[in-house]
Amino acid sequence: MAQITASLVKELRDKSGAGMMDAKKALVETDGDMEAAVDWLRKKGLSKAAKKADRVAADGLVAAVVSDDKKTGVLVELNAETDFVARNEGFQKALLSFANAALTTDGSKDGLLAAPATEGEGTIADQITRLIATIGENITLRRVEKLESPEGAVSSYMHTAAAEG
């Protein structure tokens, strides 16, 4: 049996974004194998996300992003179960990265969910699943809207924006 040190747990936490106890349990279950522990956490995250899927995610935020050439703009709404999570820096950072990714998609919700993850491997849908496992609440991508103007006349304004984008 491998010795599970605090530095090994911290390394796995930094790599996966999992909580301390989940990271330690994953390392114990996989006898200290870092890659196997990441896989174990990924599988556990999918299980956690599936259990939380029935819970209502009605609190959230909207991010507005406009392309540098001002020809394309997107609005992306990401919801969680509580407003406390919506005010979380990690949630806001993820939402902003999703909105930036939406600029390169067809502007549909399905298109954004299938887009490459902005952090980690897989797709945006996979990244949301990892967020659910890390934060502990159901999180849903509610809507995506895209506006295009060939003349470059797209702008945005958010009254009481939670974070700067």
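**Entry 1: positive phi**

I looked up Asp31 in this predicted model and placed it in the loop between helix H2 (20–29) and helix H3 (34–52). I noted a positive phi of about 55° for Asp31, although it is not a glycine. The relative accessible area of Asp31 is 43%, so I recorded this residue as partly exposed.

I then turned to Lys70, which is found in the loop between E1 and strand E2 (72–80). Lys70 is a residue other than glycine, and I read its phi as positive, near 65°.

**Entry 2**

I traced an open sheet of three strands in the order E1-E2-E3, with antiparallel pairing. E1 and strand E3 (139–148) stand at the edges, each with a single partner strand, so one side of each is left without a neighbour in the sheet. I noted that the twist averages 15° from one strand to the next.

For E1 and E2, I found eight bridges in the antiparallel sense. I also recorded that Asp59 stands opposite Ala80 in E2.

**Entry 3: helices across the sheet**

I found helix H5 (residues 89–102) lying across E1, E2 and E3, at about 145° to E2. Helix H7 (residues 124–135) lies across E2 and E3, and I noted its angle to E3 as about 140°.

**Entry 4: surface patch**

I looked up a nonpolar patch on the surface, formed by Val62, Leu75 and Met158, which together have about 230 Å² of accessible area. I located Val62 in strand E1 (residues 59–66). With a relative accessible area of 39%, Val62 is partly exposed.

Key: Residues numbered from 1 in each chain as written. Predicted model: local features only at pLDDT ≥ 70, side-chain atom pairs only at ≥ 80, totals over all residues. Heavy atoms only, no water. Patch = residues over 30% accessible without salt bridge, like charges linked within 9 Å, V, L, I, M, F, W, Y side chains within 5 Å. Areas by Shrake-Rupley, 256 points an atom, 1.4 Å probe, with all protein chains shown as cover. Salt bridge = Lys/Arg side-chain N within 4 Å of Asp/Glu carboxyl O. Helix = DSSP H or I, 4+ residues; strand = E, 2+ residues; numbered from the N terminus. Buried < 20%, exposed > 50% of the residue type's maximum accessible area, 1.4 Å probe, protein only. Pairing = 2+ DSSP bridges. Axes fitted to C-alpha atoms, helices over the stretch in contact; angles between N-to-C directions. Contact = heavy atoms within 4.5 Å.
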